[in-house]
Structures are given as C-alpha cells and as structure tokens.
Amino acid sequence: LLLNRNMGSGRRFVSLVCRAYSSSTFRGVFPPVATPFTPDAANIDIEGLEKNLGKLGSVALSGYVAMGSNGEYLSLSESESVQLVETVSHIAKQQNRICIAGAGRESTAHTIRLCKEYAKHGADYALVITPFYYTNQYQDREYLSHFREVADKSPIPVLLYNVPANTNVDLSLEVISQLASHPNIAGIKESGGDVNKIEKIVKNTRDHNFSVIAGSAGFFLPSLKVGASGCVPALGNVLGESICDMLKNFEDGNLSEAEKIHEQIQEPNVAVTRKFGVPGLKTAMTWFGYTSGLPRKPLLPLTEENEKNLRETFKPFIPK
C-alpha cells in the first residue's frame with residue numbers, strides 16, 4: 001500500500017510514504033563533507049573547513065558526514081581523522097545537527113577502535129563501510145560477523161555503508177535484513193543506486209528502527225518514493241539548497257516540482273561523482289565560495305579541458 005503510486009493524488013501518495021519514515025532519525029540531507037587542504041595538501045585547512053561548515057549552516061541540512069569517501073578518508077592519517085571529526089562534530093552541535101563519522105576500516109578491531117575514538121570526539125553515529133580487500137574470502141558469514149561485533153562494541157550507533165562502485169562489494173539484501181534487527185545498527189547508506197533493492201530493504205526492515213538513506217542525489221527522489229528517508233549526496237557540498245528544496249517539495253506533495261529539480265541536478269551530480277569524482281567536486285566548490293584546496297595524491301587536479309567541461313555543466317547554478 002505504501003508504495004502504490006496509483007492510489008490517488010500525489011499529495012496522498014507522499015503523505016503515506018512520509019508516514020513510513022516519520023520516526024526516522026535520518027530524515028533529510030547529510031552531505032559528505034569534503035576535506036579542504038592547505039595549498040601543498042600537507043595539512044587539513046581547519047580554518048577553511050570551519051568556513052565551509054559555517055556557509056552550509058544557512059542550508060536546510062540535517063547533518064554532516066565526516067570522513068566519508070568524498071572526504072578522502074583513505075588519504076588521512078588517524079590523527080588527522082580525529083581532528084576532522086572533532087571539528088565537524090563541534091560545529092554540527094552548534095547548528096543543532098547530526099555528525100556521522102566514517103569509521104569503517106579493513107579490520108574489525110581497527111573499525112571498533114575508530115568508533116570509540118570518534119565517539120570521544122563528538123560523533124553521533126559511525127558510518128561503517130564494507131571491508132573489501134579480501135573480497136574472494138568475504139561471504140555473508142564474514143560480513144554478519146564483522147558488523148555485529150562492531151555494533152556490539154561501538155559506543156555510538158552504527159550505519160552500514162554499501163558502495164559497490166568503490167569496493168566491488170554489494171552487501172546482500174539478506175545480510176542487511178538480518179543486521180537491521182541489531183539494536184545498535186541504525187540504518188544503511190545505500191550507494192548502489194538500485195532503487196528496487198532500496199524498496200526491498202525498506203520493506204524488509206520496516207519492523208525495526210532502521211533508516212534507509214540514499215547515497216547519491218542522482219537517485220534520491222526515486223528512493224524517497226519507495227520509503228527512503230534521507231540522502232548523503234556529494235553534490236550537497238555545492239548544491240545542497242537544491243537537494244533540500246527537492247526533499248521539501250516531495251514532503252509537501254509537490255511531486256512535479258520535486259521531479260523538475262531532480263532532472264536539473266542529474267548532470268551536475270554525475271559530474272562530481274562518476275565522471276570527475278573528488279577533484280571535480282573540489283573544483284566546483286571554489287565557484288560557490290567554498291574552500292577546498294587540491295585533492296591528495298594519487299588524485300590529481302582536473303585538466304584544463306575537464307575543468308572547462310565541468311564549468312559548462314554547472315553554468316546554470318554558478319552565482320553571477
């Protein structure tokens with residue numbers, strides 16, 4: 001019933017879907033904060049980070065993700081990661097927002113240690129990516145064991161993080177459904193882009209306090225239509241206002257306006273994710289008044305040709 005689009009007006013449909021996630025903590029937009037570096041990329045630009053978060057404070061966001069894929073978490077030392085989480089969580093609390101910290105690592109013990117460390121420095125939730133290096137040896141049994149032990153020992157609630165494009169691991173529906181019953185697993189950031197799978201996750205976890213969050217602005221609206229409650233969009237670092245407007249229009253029953261925004265943000269979203277990734281996102285941030293710095297090697301800045309291509313994509317959105 002909740003997923004039937006032919007049951008009357010758009011407003012009635014949206015009311016039913018919103019009711020399905022009305023108790024979710026993770027309603028809204030949570031951009032994965034890009035990590036600004038000093039000009040030589042040797043250190044985190046904390047002043048620039050604070051400036052960026054202050055600017056994002058005027059956007060109707062629900063929180064931030066620190067140490068996510070777009071935060072270049074794999075390129076940061078552990079001391080840098082703690083510094084980043086502490087800064088983001090401090091400002092998030094000032095803005096009455098949630099701080100989610102990317103704590104997932106290849107070993108279970110390391111992941112647990114980071115969950116505990118980030119909790120000490122103010123993180124509200126731990127985002128835990130699937131281990132992926134020994135992919136041939138990892139089956140459902142290993143993932144269930146890993147996530148359950150992390151959740152058992154983490155002092156803050158855990159969010160599963162499924163991102164097949166980066167890990168070549170697609171956490172199965174069966175594993176997600178089983179993990180949803182754990183009292184310290186609060187939801188999943190699902191970045192695979194399969195809306196049919198997202199719909200099944202919502203259906204299978206409905207009896208638990210478990211949130212389903214889209215991992216990209218590109219499929220956020222379709223995910224909302226099947227019961228997802230939020231989004232962690234890279235694009236939110238620059239076009240957060242548009243994404244929040246899309247969500248508000250959806251919740252208000254203005255489906256046509258929400259779909260219009262959805263179409264408008266498709267090309268910019270692809271540009272800062274699949275096409276140009278972190279270097280593209282950091283380039284675009286400068287056009288909107290944010291501090292970004294260079295990406296850390298082995299990532300390199302965009303070529304002149306790619307930057308021109310990216311600017312053309314963002315031209316309708318860049319402030320005059």
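**A tour of the cavities and the core**

The largest cavity in this predicted model holds about 50 Å³ of space. To find it, select M67, G68, Y73, G102, G104, R105, L127, V128, I129 and Y161, which line this cavity. Now colour strand β4, residues 125-129: with three residues, β4 gives the largest share of the lining.

Clear your selection and pick V33, A34, N52, L56, N237, M285 and Y290, the residues that line the second largest cavity. Colour by class again: this lining has five nonpolar and two polar residues, and no charged ones.

On to the nonpolar core. The largest one has 105 residues, so start with the ones that have the most contacts inside this core: I100, Y118, F210, F220, L235 and F314. Then show helix α10, residues 236-251, which gives the most to this core, with seven residues.

Last stop: zoom in on F220, one of the residues with the most contacts inside the core. Which residues does F220 touch, leaving aside those up to four places away in sequence? Select G28 and V29, then A214, then G230 and C231, and finally I243, M246 and L247; F220 touches each of these.

Definitions and conventions: Residues are numbered from 1 along each chain as its sequence is written. This is a predicted model: local features need pLDDT of at least 70, side-chain atom pairs count only at pLDDT 80 or more; totals for chains, interfaces and linings use all residues. Side-chain values use heavy atoms; hydrogens and water are left out. On a 1 Å grid over the protein atoms alone, a cavity is a set of points where a 1.4 Å probe fits but cannot get out, and a pocket is an open set with protein on both sides within 12 Å along at least five of seven lines; lining residues have an atom within 4 Å of a point. Grid points are joined across faces, edges and corners, and a volume is the space filled by probe spheres set on the points. Helices (H or I, at least four residues) and strands (E, at least two) are DSSP runs, numbered from the N terminus. Ala, Val, Leu, Ile, Met, Phe, Trp, Tyr, Cys and Pro count as nonpolar, Asp, Glu, Lys and Arg as charged, and the others, Gly among them, as polar. A nonpolar core is a set of buried Ala, Val, Leu, Ile, Met, Phe, Trp, Tyr and Cys residues joined through side-chain atoms within 4.5 Å. Buried means under 20% relative accessible area, exposed over 50%, partly exposed in between (1.4 Å probe, protein chains only). Contact means heavy atoms within 4.5 Å.
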